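User: I am new to this structure and would like a close look at its nonpolar core and at the aromatic and charged pairs. Please take me through that part slowly.

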Amino acid sequence: MKIGMYMNKLSYLFLLLAGWLFVTSCNKTETYAEQKQRERNAINAFIVKQGINVISESDFENQNYTTDLSKNQYVLFEKSGVYMQIVEEGCGEKMASGESTTVLCRFSETNLLTDSMQLTNNNLYWNAVVDKMYVTKNGITYTASFDSSSSVMYKAYGSTSVPAGWLVPLTYINLGRPSTEEDKIAEVHLIVPHSQGQTNATSSVYPCYYEITYKRGR
């Protein structure tokens, strides 16, 4: 079992390294404008491949801030470039202004340039680790940092900074802890451009697709 877990960890490190080498080699011959165009092309290709129906923020508001899963809807936030699909709004309540809390996340991260999952804590090796964020809300602004002792994202990228894209859903989902079988935790799917992503994505200019659950900590 230990050998299998070790090999599993190595496979994820290899994927991270392979993705970094691929993006780095491209960056050496491309301008920043070309890198951003390559990113846009990757996002558009993913949208087409997945049959995603992109809706506007006004449509999202008119639908009471929900996305229709039967139509595979994602809302595009024009200012940030983040696309979001709310799979489950979640039990509990939304964060209040002035509140600070811990948020526990399970996630998978796919590099859209290499079309490969490069990081997740939804596997056997990381099963005991749930990424913990310390989140504060002031007005409509959220700030957050990862717990360096309990975060796969920190272990992979060496930064406690939470990708800005991860904070976008907090305005629209509830944070709670299930107390009945009917209660569900919040779940979203995100397409995150490099400007709203983790440190490697930001520096190497690549977009990521995330599937994330959010649960209020204790």
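**The core and its pairs**

Tyrosine 210 is buried, its relative accessible area being 0% (buried means under 20% relative accessible area, exposed over 50%, and partly exposed in between, with a 1.4 Å probe and protein chains only). The model is predicted, so local features need pLDDT of at least 70 and side-chain atom pairs count only at pLDDT 80 or more, while totals for chains, interfaces and linings use all residues. Residues are numbered from 1 along each chain as its sequence is written, and side-chain values use heavy atoms, with hydrogens and water left out.

Tyr210 is among the residues with the most contacts inside the largest nonpolar core, which has 51 residues, and Met133, Trp166 and Tyr214 are also among them. Such a core is a set of buried Ala, Val, Leu, Ile, Met, Phe, Trp, Tyr and Cys residues joined through side-chain atoms within 4.5 Å. In soluble globular proteins, nonpolar side chains tend to be buried together. Leaving aside neighbours within four places in sequence, methionine 133 is in contact (heavy atoms within 4.5 Å) with residues including Val103, Phe146, Trp166 and Tyr214.

The structure holds 9 aromatic pairs, where rings of Phe, Tyr and Trp (its six-membered ring) pair if their centres lie within 6.5 Å, and planes under 30 degrees apart count as stacked, over 60 as edge-to-face and the rest as tilted. The rings of phenylalanine 60 and phenylalanine 77 form an edge-to-face pair, because their planes stand at 90°, with centres 6.1 Å apart. Phenylalanine 60 is buried at 1% relative accessible area, and phenylalanine 77 is buried at 8%. Tryptophan 166 and tyrosine 210 also make an edge-to-face pair, 5.6 Å centre to centre with 80° between the planes. Since tryptophan 166 lies in helix α5 (residues 164-167) and tyrosine 210 in strand β9, this pair ties together parts 44 residues apart in sequence; helices (H or I, at least four residues) and strands (E, at least two) are DSSP runs, numbered from the N terminus. Tryptophan 166 is buried, with a relative accessible area of 0%.

Turning to charged side chains, a search of the whole structure finds 5 salt bridges, each a side-chain nitrogen of Lys or Arg within 4 Å of a carboxyl oxygen of Asp or Glu. In one of them, glutamate 99 meets arginine 216, with the closest N and O atoms 2.7 Å apart. Glutamate 99 sits in the loop between β3 (82-88) and β4 (100-111), and arginine 216 in strand β9 (residues 208-216), 117 residues apart. Arginine 216 is buried at 17% relative accessible area, whereas glutamate 99 is partly exposed at 22%.
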